[in-house]
Amino acid sequence: MRHITTFAYIILLMMVFEEIPMSFASRETVVINDNWTFRFGYQVQSKSSRRVDLPHTWNAQDALSGREDYYRGAGVYEKNLEISPEWKGKRLFLHFGGVNTVAHVFVNDSYIGEHHGGYAAFVFEITDKVVYGGNNKLTVRVSNALNLDVMPLVGDFNFYGGIYRDMHLIVLDEACISPTDYASPGVYLTQKSVTEERAEVGVKVMLSNSGSSKRVDVKLKIWDGDKLLSERSLPVDLGDADNVPATLDIVIEKPHLWNGRKDPFMYKAEVCLLSDGTEIDKVCQPLGLRFYGTDPAKGFFLNGEHLKLYGVCRHQDRAETGNALHRRHHREDVAIIAEMGANAVRLSHYQQDKYVFDLFDSQGFIVWAEIPFIGPGGYLDRGFVNSPGFRANGKAQLTELIRQNYNHPSICFWGLFNELKTFGDNPAEYVSELNSLAHAEDPSRVTASATFLEDANDLNKVTDLIAWNKYYGWYDGSAQDLAIWADNVHAAFPQFKLGLSEYGAGASIYHQQEEFKSGDAAGWWHPENRQTYYHIENWKAITERDFIWGSFLWNMFDFGAAHRREGDRPGINDKGLVTFDRKVRKDAFYFYKANWNHDEPFVYIAGRRNDEKTSATTDIIVFSNLPEVELTVNGKSNGKMKSDGYATFRWNGVALSKGKNVVEASSRIKKISVTDRITLNLNY
C-alpha cells in the first residue's frame, strides 16, 4: 500500500501548489491563462471577439455534437500582457503547453515564430519585442485545418482546435538553463547503467547566455527526500550562445529503485546555475532509477522481475470540455485508472500533458508515449505522405516528445506509429529513420509500434517491440480467436516481442438486454453485456500467455469521434470502460478491477442497469477479488460460490418474485465484510 500513500501525499501537494507560480532564484514562471479574447478567423469585424480563459478549444460543442464538419479552420487569440519594469535586463519566454495544430505567434503585432504540431510544448523568446512597464499585445493565430505537412493526417478521434493547455511566461537571467532546446527542461538524466548494486547516470545541462561571456558554475545535487545524497560542480566559460551542453556523471551505490506500482520511489535531481557564487537559475527533475527489458518468450521484466503489463489506452478529452482539460481532470483520470488496478498506460495517439507524466511517475505506471503518426485504420485518406515537409515534421515531433519527457521514469517505450498501411507511399523506410532517430536521441529506451497489418509485413519488424490492434469478437470473428491468433504468430515469429496495443468493444449503459446477442459494431445497438463478455474472453487469452509482454485495452474512457454513427448517439466512440463524463463505470470495468486490483476488497453485481425483468428466473454474475461470494435474493441464500479463476462468480436460473427483488452479494476476508446490493423488478 506504500504507493497509494505516497500518491495521496503527492496529489495533495499538487493541489495546494498548482496555481502558484513556480519561482527558483531568478527563475519565475507566471501562468497567463486568464483574460484572453477569441474570435474565429473569418470574424474580421470589430467587436467580434469574446472573452475566454485557457485551456480553450473552439470545438467543445460542434465536434461533441457529432457534426462531422465541425469547424477546422483558423482562430485568433489575443491578450494584453503586462510586463513588469523589474524584468528589464531579464530574458522573457512564452511557453505553450499545447496548441492544435499550427500556431503563429505575434507580440505587439510583430511576428515571433510558428509551431507545427498539436501535442508538444514549444517556447519563444520575446525579450526584445516587449515594452517594459506597460501592456503588450499578444496574438496567437491558430489553425486546426488539415495540413499535409503536419502529423496527424487522419485519426479516429477529434482534432480539437485551440490553445488547449496552460500557457506560461518564464522570466530568466541572461545566463540560464536553456528553455529553448525543443521546450525541454534543459536537463537530461541518462541512465547509463542501473542494477540493484549501482547506478551510473549521465547528466547533461543545456546552457544559454544572451550577454557578455562569463564564468558560471553548474552545481548538481541528488536528494533522497531531505537527505543530500550526492553533489557535483562544474565550472563553465559561457559565451553568447544558446543550448551549450555541460556534462557531469554521477554514481549511486545501492540505489533505491523506482519499482512500478509497488514502490514508485524517485530521487530529486537539482541543477543550479551560479555566477560569482550567486544562484541565478535552478531546475529540478525526477530521477527514478530502474532497469527493464522484454523477452520474446517470457514478456516484460522490471528490475529483474517478471511484470505482466495490464494496460489501458487513454485519450485526452471528455464531455463538455473537449481536450481543454484542467489538472483536476487529469487527476481524476489517473485515479480511475489506478482504482481499476492497471499498471501500464498507452497514451494514444499523441504526446499528452506533462502533468499526466508527472502523475504516472508518482504512481508507478509503465507508460507507452507516442507521436501522432496515425494510419487511416478502416477509414479513407492516408496517414503518410512522402513529402519533405511531412517527413521533417514527424522527426521534429519525435524529437520534441523525447526531449520534453526524457526524465520521466514511467516512460519505457517510445511509440512510432499506429495502424499504417503500406500501399502507395510506403512508410517503412521512413519508420526506419524514425527508429534510428529515437535511439540516437535516447539510447536508454526502446521503440514500439501498433500495427494491424498481416503478421509477416516488413513494417512490423522495424521497432524493438511490436504490438497489434485486434478486435476479435467485435469487428470480426469471435472473442476466442485472439488465443488462436496469438499462438500462431508466436509460433511463426518467435523472435517477435509481441504485445496487444488495442483490444475492445463498444457499450452503451442505456442498451440492456436479458439474453446475449452480438449486436452490430457499426450500428446503433451496443449492449453492455456484450462488452462484458468480450473482455472476459479476451482477458483469459491474454493472461494465460506470458509471451504477450503487454496488453492495452481500448479504451479507458469513451471519447469524441465526430464521424462515428453508432452506439446510443453520434460522435462518440463508446469502447471506454468508463463513460465520457466519467460518471459511470461500466460492468467490464469491475471485471478488470476484480482481476487487477488486489488492494481493495470488493464485490460487484453485474447487469445492474438491466433491472426490469420479464422472466421469473435470471442469471446473476458477480465480480470480486475475494475467493468466495454468497448471493441472496430477498434475504434467502442462493449459496456460496468459489471464483472461476478469473474473479467471476455466476449463479444460473436464480428465482425472482413478482415485484421488487433485493439481490445482495457479500463476502468476508478476515474482519473485512464487503457487500453489493441491487434491486430487480419482475413484471409479467
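Biologist: How many salt bridges does the structure hold?

Modeller: There are 47 salt bridges in the structure. A salt bridge here is a side-chain nitrogen of Lys or Arg within 4 Å of a carboxyl oxygen of Asp or Glu. Please keep in mind that this is a predicted model, in which local features need pLDDT of at least 70, side-chain atom pairs count only at pLDDT 80 or more, and totals for chains, interfaces and linings use all residues. Residues are numbered from 1 along each chain as its sequence is written, and side-chain values use heavy atoms, with hydrogens and water left out.

Biologist: Which residue does aspartate 173 meet in a salt bridge?

Modeller: Its partner is lysine 90, at 3.9 Å from N to O. Aspartate 173 is in the loop between β13 (167-172) and β14 (175-177), and lysine 90 is in the loop between β5 (74-83) and β6 (91-96), so the pair ties together parts that are 83 residues apart in sequence. Helices (H or I, at least four residues) and strands (E, at least two) are DSSP runs, numbered from the N terminus.

Biologist: Is aspartate 173 buried or exposed?

Modeller: Aspartate 173 is buried, as its relative accessible area is 17%. Lysine 90 is partly exposed, at 23%. Buried means under 20% relative accessible area, exposed means over 50%, and partly exposed is in between (1.4 Å probe, protein chains only).

Biologist: What about arginine 403, which residue does it form a salt bridge with?

Modeller: Arginine 403 forms a salt bridge with aspartate 181, and their closest N and O atoms are 2.7 Å apart. This pair links distant parts of the chain, 222 residues apart: arginine 403 belongs to helix α4 (residues 388-404), and aspartate 181 to the loop between β14 and β15 (187-194). Both arginine 403 and aspartate 181 are buried.

Biologist: And which residues are linked in a network of salt bridges?

Modeller: The network links Arg314, Arg318, Glu332, Asp333 and Arg582.

Biologist: What lines the largest cavity?

Modeller: Its lining residues include Asn100, Tyr119, His315, Asp317 and Gly560. By class, the lining has 5 nonpolar, 6 polar and 1 charged residues. Ala, Val, Leu, Ile, Met, Phe, Trp, Tyr, Cys and Pro count as nonpolar, Asp, Glu, Lys and Arg as charged, and the others, Gly among them, as polar.

Biologist: Where are the cis peptide bonds?

Modeller: One joins asparagine 100 and threonine 101, with omega about 10 degrees. Threonine 101 is in the loop between β7 (99-100) and β8 (102-107). Another runs from serine 348 to histidine 349, with omega near -10 degrees. Histidine 349 is in the loop between β28 (344-347) and α3 (354-363). Most peptide bonds are trans, and most residues other than glycine have a negative phi.

Biologist: What is the phi of glutamate 419?

Modeller: Glutamate 419 has a positive phi of about 50 degrees, although it is not a glycine. Glutamate 419 lies in the loop between β30 (411-418) and α5 (428-441) and is buried, at 14% relative accessibility. Alanine 647 also has a positive phi, near 60 degrees, and is buried at 7%.

Biologist: How many residues of helix α8 are buried?

Modeller: In α8 (residues 587-596), 10 of the 10 residues are buried, so the helix is largely enclosed by the rest of the structure. Among them are Asp587, Lys593 and Trp596.

Biologist: Lastly, in what order do the strands of the open sheet with β24 come?

Modeller: The order is β24-β25-β26, with antiparallel pairing. β24 (292-295) and β26 (305-306) stand at the edges with a single partner strand each, so one side of each has no neighbour in the sheet. Two strands pair if DSSP finds at least two bridges between them, and β24 pairs with β25 (residues 299-302) over 4 bridges.

Terms used. 1 Å grid on protein atoms, 1.4 Å probe; cavity = no way out; pocket = protein on both sides within 12 Å on 5 of 7 lines; lining within 4 Å.
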